[in-house]
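Reader: I would like to learn how to read the features of a model with care, one at a time. Could you take me through them, giving the general idea and then the case at hand?

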Amino acid sequence: RGIGLVNLKKIWPNIKIYNVKNSNKINELAINSYILDKPFYLFIDKELVKAKQISWFKLIVLYYNVQVIFRKKKINIAFKFKPRQFSFFKYLILKIIGYKILPTEPPSQLFACQKKCIGIIGFTSSSMSMDYEKKLISLSTLKDTFKQNLTKNIESMKQRNESKSNKIFFVEHLSQLVNII
């Protein structure tokens with residue numbers, strides 16, 4: 001557990017690497033190493049500030065407003081940083097707001113395929129394109145939020161979506177979350 005990439009050979013010396021199309025077939029040992037005991041929505045990070053898509057202030061307000069909506073519905077949110085994009089500043093802000101922060105080294109799929117994971121929320125990510133048979137919510141289409149629209153990222157995510165049953169909900173206003181989650 002910690003920040004950054006970890007050599008899995010140190011944790012599991014006999015690890016075998018497979019190209020898994022369906023996340024439900026991921027080795028139970030790997031999943032059980034990171035199991036969460038309470039129901040949660042997985043929030044998958046995207047580095048939007050460095051990409052100059054949003055200001056820190058707007059991003060913090062967005063994270064806060066999302067957390068308020070989930071708190072009112074009594075649903076926990078677990079935030080997953082991408083290992084190479086960990087930000088201590090963002091970590092502190094998210095902790096203050098009330099997010100649970102997940103270890104950075106495992107892929108998002110290890111959390112998304114857990115039984116206690118009831119849905120996935122984020123902006124655009126390849127890990128949001130897999131078939132988890134759960135709700136997927138993208139904040140990439142929020143009105144009056146981004147400096148430029150994320151159309152290319154959205155199209156890429158849609159093209160990689162592996163399942164016709166895996167509908168991605170694109171929200172334009174945060175108020176729509178109340179009825180989706």
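**A charged network and its surroundings**

Author: Asp45, Glu47 and Lys90 are linked in a network of salt bridges, a salt bridge being a side-chain nitrogen of Lys or Arg within 4 Å of a carboxyl oxygen of Asp or Glu. This is a predicted model, in which local features need pLDDT of at least 70 and side-chain atom pairs count only at pLDDT 80 or more, while totals for chains, interfaces and linings use all residues. Residues are numbered from 1 along each chain as its sequence is written, and side-chain values use heavy atoms, with hydrogens and water left out.

Reader: How many salt bridges does the rule give, and which atoms come closest in them?

Author: By that rule the count is two salt bridges. In the one between Lys90 and Asp45, the closest N and O atoms are 2.9 Å apart. That pair links distant parts of the chain, with Lys90 in helix α4 and Asp45 in the loop between β1 (40-44) and α3, 45 residues apart. Helices (H or I, at least four residues) and strands (E, at least two) are DSSP runs, numbered from the N terminus. Lys90 also forms a salt bridge with Glu47, where the closest N and O atoms are 3.7 Å apart. Since Lys90 lies in helix α4 and Glu47 in the loop between β1 and α3, this pair ties together parts that are 43 residues apart in sequence.

Reader: Are Lys90, Asp45 and Glu47 buried or exposed?

Author: The general idea is a set of cut-offs: buried means under 20% relative accessible area, exposed over 50%, and partly exposed in between (1.4 Å probe, protein chains only). Lys90 counts as buried because its relative accessibility is 1%, Asp45 is buried with a relative accessible area of 0%, and Glu47 counts as buried at 11%. For the whole protein, 48% of its 181 residues count as buried.

Reader: What is the secondary structure around these elements, and what pattern does it follow along the sequence?

Author: The secondary structure comes to seven helices and six strands, and read along the sequence the protein follows the pattern α-α-β-α-β-α-β-α-β-β-α-β-α.

Reader: How should I read the packing of helices α3 and α4?

Author: Two packed helices are described by the angle between their axes and the distance between the axes. Here the axes of helix α3 (residues 56-72) and α4 come within 10 Å and cross at roughly 30°, which makes α3 roughly parallel to α4. The axes are lines fitted to C-alpha atoms, for helices over the stretch in contact, and angles run from 0 to 180 degrees between N-to-C directions; angles under 35 degrees count as roughly parallel, over 145 as roughly antiparallel, 65 to 115 as roughly perpendicular and the rest as oblique.

Reader: Which residues make a nonpolar surface patch, and where does Leu92 lie?

Author: Phe88, Leu92 and Ile96 make a nonpolar surface patch of about 340 Å². Patches are made of residues with over 30% relative accessible area and no salt bridge, like charges being joined within 9 Å and nonpolar side chains (Val, Leu, Ile, Met, Phe, Trp, Tyr) within 5 Å. Accessible areas come from the Shrake-Rupley method with a 1.4 Å probe, and for residues only the protein chains shown count as cover. Leu92 is in helix α4 (residues 88-97) and is partly exposed, with a relative accessible area of 38%. Helix α4 also holds Lys95, which is partly exposed at 43%.

Reader: Which residues have a positive phi although they are not glycine, and where do they lie?

Author: Most residues other than glycine have a negative phi, and most peptide bonds are trans. Lys74 has a positive phi of about 60° although it is not a glycine; Lys74 lies in the loop between α3 and β2 (76-80) and counts as exposed at 75% relative accessibility. Glu133 likewise has a positive phi of about 60° without being a glycine, lies in the loop between β4 (117-122) and β5 (135-138), and counts as exposed at 62% relative accessibility.
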